[in-house]
Structures are given as C-alpha cells and as structure tokens.
Amino acid sequence: MTYGFDTRAIHAGQPPEAQTGAVVPPIFQTSTYAQDAVGSPRSGYEYSRSANPTRDALQDCLAALEGGARALAFASGMAAEDTLLRTVCGPGDHVVIPDDAYGGTYRLVARVAQRWGLEWSAVPVGDPAAVAAAVRPRTRVIWVETPTNPLLGIADIAALATLAHEHSALLVVDSTFASPYLQQPLALGADVVVHSTTKYLGGHSDVVGGALVTADPDLAERLEFHQNAMGGVSGPFDAWLTLRGIKTLGVRMDRHCDNAERVVDFLLEHPAVAGVLYPGLPDHPGHKVAAAQMRRFGGMVSFHAAGGEPAAVEICNRAGLFVLAESLGGVESLIEHPGRMTHASAAGSPLEVPGDLVRLSVGIETADDLIEDLDRALR
Ligand SMILES: Cc1ncc(COP(=O)(O)O)c(C=O)c1O
C-alpha cells in the first residue's frame, strides 16, 4: 500500500527509533562510528561525510515524497547543483538552461563550470521548440526550473523529458518553487529533481540545504559517489530541521496557495501595478501546462511596478509585514527586488531581470494583514 503525501511526509524514513522508541529521529551529531574489528563497522556507518542516520532519514523521506528511488541531501541547493553537473557532465559537454534561471544557477554554469569546459545555452524553456533548437550533439542536460525564479515561467516537463530522451540527454527539473507537494517531475519523465530545501521543504527560514532525487538507481549510485567524493553534505542538525519542516509541507503549501491567490486578486486591481505574474492566472502563457502538471499554483507572486524601477525599489523599502529579504518559501512573507538582490549576479547578462519587477514570497499569515501591508507599500 502506498500512503498519501502527508502520511509519507510525517513517517517516511522516520520509524520510531530502535533503542528508545523516540518518535522523532535523533540528531546523530557524530562524525564517526565505532568499529568492532578492522573493517567491521558496528552499524554499517563509518564516517558522517559518507553517511549519517539523520541525513538518511531525510533522504528516505525526500525519495518517498518525489516518488524516487534515491534522494541525496546537501549543504545547500547550490552544492546539490554543482554535484549533479560534475557527475553527469565533463569538459566539452553542453547544457541548456532557462533564460530566466535562478541567478545562482546561472552563475554556477556561466562563471564556474564554464571555466572547466562546460558549454551552455540559455533559452526560454517555456517554448519546447526553442529548447529543441538549442540541443547539440554533446548536450547532456536540459535544465529547467518550473515555475521559474523570479518570472514564474512554466516549462512542460513531460514534453521536455521526451525531447531530452530523444537526444540521450537528461531532463533536470529544479522544482524548488513547487515543492514535492505541488509537482512531481519524476512521474512526468524527468531524470533528476533538484530542490533548494532552504525554501518550502524546510519552510521556516532557519536552515540552508539542497537535494537531488532520481528514479534511476545507476544514476543515484554515481551521484552518491560524487556526494561523498565532493563532500557538500547536509549536516545532521540541518537534516533534522529540514525533516521537521517537511512534516507540515502539505498544510503549509495549501495555505501559501490560498494567500497567494488573495494577493494576486488584490494586485490585479491596483493602479500602481502594471502586471502580475502568477501561473494560476488564465492569461499566463504557461497556465494550461501548469494546471496539468501542478496540484495548485504556489505561493510565489511577481509583479511589475507601474512606476518602473524606482517605484519597485520604493515598494520593497516601504513594506513592513512583508520582510525585505532574499530567499522564499518560509512561513513568513518576504518581498524583494530581484534585479538588485537575488538576481544581481545576472546583471548585464542575457538573464538580466527587469528593473520594475518585485517578487513576493507569500507566507501563511492572516491574508487580510498581508493585503493591508501591500496596500500601504503601494500607496
Ligand atoms: C530556484 C532555486 N534553485 C536553487 C537555489 C539555490 O539554493 P540554495 O540557496 O539553497 O543554495 C535557489 C535559491 O534561492 C533557488 O531559488
């Protein structure tokens, strides 16, 4: 029997602890483990970079939530991304990335991996024909985010999986904005799911982490080899915090979606707003695909300020309950100016973000309070 999503979020990988019956997995804050004889580790664990029981609990839970064979937990989303790229690509290989990718992903590909011989093209991944046109004989990865950060673009996961596989490439889906509750890319044909668990999975803005999930046991083995060899692992306390956050993922995501819908309705009517980006809107170019591949449309909302960049900056500065800060996906609402904050690393590149854009991570507070705060900031 397969349990429902919320049951898996609470129980997968977390049976009561064998020795004491503790219902919460202990934080195994240890670097090493006793061996009964040379080469005979007592519990199977040897050293916590290679494996740690608290990290294993998180990894098993993540695999269960995404329907994967294996999940691996990292010190950050970027450590997960770096490990993945160096596992599946070598010098002279090529990756396709979104032309509105998260700025850190762009920076990793264009300013780090490129120095080691990785070639890349940035294309609008919402347009499968544009992705197909960018594929080269040495394309190893088609990398998409959906929804994208910060423009909330949507990529058709099933269509791009077919395209990738026709060219013997992998489809990698950064599903950070959706979380496993709203979207399950492996079931749609993706090869690897990437998460910044810092965001909705952790959910409380108190831990940085990342994850890779795959349904392919061979690829999982190669990723696990690189996770240990490269060492960017999640520490036990970080893994424990992330697991604790995951238990309430489903109820939090539904409230994030409810509140985002209220905020979108408010922004649509406001004269200081020139346009609202939200995949739940029927006129959003990715709406149909999003409706087919997502449970709901998420808690992230971006909008263009009618007064251009100065107005966008001023709105961010004036917000109060919406805290002016980078990151997203926590219980508290955040506001930011992507062009000058999260996506500053893409300035001057083809991935530069419009200056009039404001990004909201709509939290789970009382919706009326959020709207009142935005009304004040927009005035
Ligand atoms: C979509 C997306 N992917 C990856 C990352 C990187 O994750 P981390 O900050 O945990 O390294 C972020 C961070 O904001 C993100 O928004």
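View 1. A backbone N or O atom of Gly209 lies 3.5 Å from an oxygen atom of the ligand, a polar contact being a pair of N or O atoms within 3.5 Å. The protein covers 90% of the 390 Å² of accessible area that the ligand has on its own (Shrake-Rupley method, 1.4 Å probe). Asp174 places a side-chain N or O atom 2.6 Å from a nitrogen atom of the ligand. For Ser196, a polar side-chain atom is 2.8 Å from a ligand oxygen atom. The model is predicted, with local features requiring pLDDT of at least 70 and side-chain atom pairs pLDDT 80 or more, whereas totals for chains, interfaces and linings use all residues. Residues are numbered from 1 along each chain as its sequence is written, and side-chain values use heavy atoms, without hydrogens and water.

**View 2. The shell around the ligand.** The ligand is surrounded by 13 residues, each with a heavy atom within 4 Å of it. The closest are Asn149, Asp174, Ser196, Thr198 and Lys199. Helix α3 (residues 77-88) supplies the largest share, three residues; helices are DSSP runs of H or I with at least four residues, and strands are runs of E with at least two.

**View 3. Strands β10 and β11.** Strand β10 (residues 273-277) is largely enclosed by the rest of the structure, because four of its five residues are buried (under 20% relative accessible area, 1.4 Å probe, protein chains only). Four bridges join β10 to β11 (residues 300-305), and the two strands run antiparallel; pairing requires at least two DSSP bridges. Gly275 has His304 of β11 as its bridge partner.

Terms used:
Buried < 20%, exposed > 50% of the residue type's maximum accessible area, 1.4 Å probe, protein only. Polar contact = N/O pair within 3.5 Å; in protein donor to acceptor, adjacent residues only side chain to side chain.
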